[in-house]
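Open the model in your viewer and keep the selection tool at hand. The stops below say what to select next and what is there.

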Amino acid sequence: MAAYKPVVVQACPKLGEKITQDTLYWRGYKTPVQIKEFGAVSKIDFSPVPPYNYAVTASSRIHIYGRYSQEPIKTFSRFRDAAYSATYRDDGQLLVAGSEDSSIRLFDVSGRAPLRQFDGHTKPVHQVGFLSDKYRIFSGGDDYSTNLWDIPSATEIVSYSEHTDYVRCGCASKVNADVFITGSYDHTVKLFDARTKSSVMTIEHGHPVESVLLFPSGGLLVSAGGRYVKVWDVLKGGQLLVSLKNHHKTVTCLCLNSSGQRLLSGSLDRHVKIYSTTSYKVVHSFNYATSILSLALSPEDETIVVGMTNGVLNVKHRKPEERNEKSQKKRQPAYRTYVKGRTYMPKQEDFCVSKPVKRVLRKYDKLLKSFESSKALDAVLEPPIMLHTPEVTVAVMQELHRRGTLRSALAGRDEKQVNLLLTFVARRVIEPRFTPVLVTVADMITDIYQPVVGQSAIVDKQFLKLQEAIGKEIDYQEELLEVLGMMDTLFATFTEKRDTYLEENKSNGLAETMETNRND
C-alpha cells in the first residue's frame with residue numbers, strides 16, 4: 001500500500017509590507033512599558049535639557065518621570081480640580097500649567113509649591129506655554145480669550161478676545177520671541193505678535209482645531225483637527241501646502257522628531273502616523289490599544305511616550321546600538337571541518353543508510369487518510385482556519401472533489417453548518433485564486449439544499465448574499481470586458497497610424513535619394 005501524501009495547499013503570493021529605512025528605524029524600539037495614571041493623559045512634555053525627564057498631565061496631578069523610571073520621581077498635586085497642559089521652559093527649570101478652576105500656576109521643578117499664580121481667565125485654561133524669551137507666558141481658555149502674562153510681576157500684559165469658541169491648543173515660535181499661535185474650536189488658527197493689539201494672521205482649518213505645531217524654522221505651521229492634518233506656509237500669508245487625511249477619527253496631537261524630518265500625529269482611531277516632511281507620505285505607523293490623546297518624542301528620539309483615554313501611559317525606548325568592540329568569541333572549528341567529505345564520491349560497493357523521516361499530519365490529513373470526508377471538511381471550516389488560512393479550506397475541498405466525495409461531505413448538514421459553508425463561499429468566491437473550486441462547491445450546495453429553501457430564514461439570507469456576490473462579480477467582469485474592447489480599438493488605431501507614418505518616411509527617403517542621385 002502506497003504511503004499517504006498530505007494535501008498540497010496552493011501557495012499564493014502575498015503582498016508583504018515594503019521594508020524601508022523608516023520601517024527598520026521605527027521598529028527599533030523595545031516592547032512598550034505600560035504605566036497606569038489617575039485619569040486620561042491630556043499632555044506629555046519632555047524637558048529640553050538632560051536627563052530629559054518628562055511631565056505627564058493627568059486628572060488633577062502632574063507627574064515627573066525619569067527617562068527609565070516607571071514611578072514618578074516628583075508630583076505636583078496643588079490643584080483643586082483637573083490640571084491641563086503642563087509645559088517646560090526652554091531651560092528645564094520652570095513648569096507652567098493651566099487648570100479647571102481658571103488659574104495658571106508656575107512651578108519650580110526642584111520645589112513643590114507654586115512660585116506664581118496668574119488669575120484673569122473666567123473659565124478653564126486648557127493651553128499654556130512659554131514664549132522663547134523665557135519671561136512671558138501665553139494662555140488660552142474656554143472663555144474664548146488668549147492672554148499674555150509677565151512672569152516676574154505675575155501680571156497680565158495683554159488679552160486678545162478674537163476667538164469665538166474654546167481655545168484648546170497653541171505653540172510659541174522659537175525664532176521670534178514675540179510670536180505665538182493658538183488654535184480654537186471655532187475652526188481657526190490665529191498668529192499673534194505681542195507687539196500688536198490684535199492677531200496678525202488668521203488661518204481657516206475647517207474643523208475644530210485640536211493641536212498646532214510650528215517647525216523649528218518658523219516658516220511652516222501644522223494644524224490638526226477633525227480627520228485632517230494640514231500644513232501651512234506662514235511666510236506666504238498662511239497658504240495651504242498640503243492636507244493629509246490618513247486617520248479615521250479626530251487627530252488629537254502632533255509632534256516632530258529631533259531633526260524635523262518626520263512628523264508624527266496621534267488620533268482617536270488608536271494610530272500614530274509618521275510622515276516624511278519632504279513628501280508628506282506616511283512612512284510608518286504604530287497601533288495602540290485605545291484612543292490617543294497626547295504624544296511626545298524625547299529630544300534625541302530615544303523615547304516615544306503616548307497617553308491614552310483610559311489613563312495608560314505607553315513608553316517605548318530605542319534598543320541600544322550594538323557595540324563595535326570585538327568581543328572575545330569562542331574559537332569555531334576550521335573551515336575544512338565543515339567541507340570534509342563533501343567531495344567524496346560513493347563507490348560501487350558502498351550503500352547508504354537513510355533515517356526514515358516521520359511526517360506529522362494535520363488533523364484534516366489524518367481524517368482524509370482514514371476516508372472520513374465529512375469530518376475532514378468540518379476540520380477546515382473552523383473560524384481560525386477560514387479567516388486566516390482560507391487556502392487550506394479550499395485545498396481540502398479540491399481534494400474531496402478529486403476523490404469524488406465532495407457531494408457526500410456537503411450533504412446532511414444542519415442549519416448552522418450550512419450557514420457557515422455559505423458564508424465562506426459567498427465571501428471567497430470572488431477571489432480569482434479560489435473561484436474555480438468554490439463555483440463547483442456553490443453549485444453542489446445549491447443542488448443539495450434546493451428542496452429545503454424557504455424553511456430557514458438564516459440559510460435563505462446566505463443564499464441571497466451568494467447570489468448578490470456572484471451578480472456583482474459578473475457585472476464587474478462585463479465592465480472590464482467593455483474597457484478591454486475600448487483599449488484594443490485604441491491600440492489598433494495607434495498601430496495603423498504608426499505603420500502609415502513609417503511608410504511615408506520610407507517613401508520620402510527613397511524619393512530624396514533618387515533626386516540626389518539625379519543632381520549628381
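Start by selecting His 271, which stands opposite Asn 287 in β25. This is a predicted model, so treat each stop as a description of that prediction.

Now show the side chains of β24. His 271, Lys 273 and Tyr 275 point one way, while Val 272, Ile 274 and Ser 276 point the other way; all are buried. In a regular strand the side chains alternate between the two faces of the sheet.

**The partners of β24**

β24 and β25 run antiparallel and are joined by five bridges. They form a hairpin with five residues between them. Within that turn, pick out Tyr 280, whose phi is positive, about 55°.

To see the pairing, select Leu 264, which stands opposite Ile 274 in β24. β23 and β24 form a hairpin too, with three residues between them. Arg 270 lies in the turn and has a positive phi of about 75°.

**The cavity**

How many cavities of 30 Å³ or more does the structure hold? There is one. The largest cavity contains about 30 Å³ of space.

To find the largest cavity, select its lining: Ile 181, Val 189, Lys 190, Leu 191, Met 201, Ile 203, Leu 221 and Val 234. Colour these residues by type. Seven are nonpolar, none is polar and one is charged.

Which strands supply at least two residues each to this lining? Select β16 (188–193) and β17 (199–204). The largest share, three residues, comes from β16.

**The whole chain**

Zoom out for the last stop.

Definitions and conventions: Residues numbered from 1 in each chain as written. Predicted model: local features only at pLDDT ≥ 70, side-chain atom pairs only at ≥ 80, totals over all residues. Heavy atoms only, no water. 1 Å grid on protein atoms, 1.4 Å probe; cavity = no way out; pocket = protein on both sides within 12 Å on 5 of 7 lines; lining within 4 Å. Points joined across faces, edges and corners; volume = space filled by probe spheres on them. Helix = DSSP H or I, 4+ residues; strand = E, 2+ residues; numbered from the N terminus. Nonpolar A, V, L, I, M, F, W, Y, C, P; charged D, E, K, R; others polar. Buried < 20%, exposed > 50% of the residue type's maximum accessible area, 1.4 Å probe, protein only. Pairing = 2+ DSSP bridges.
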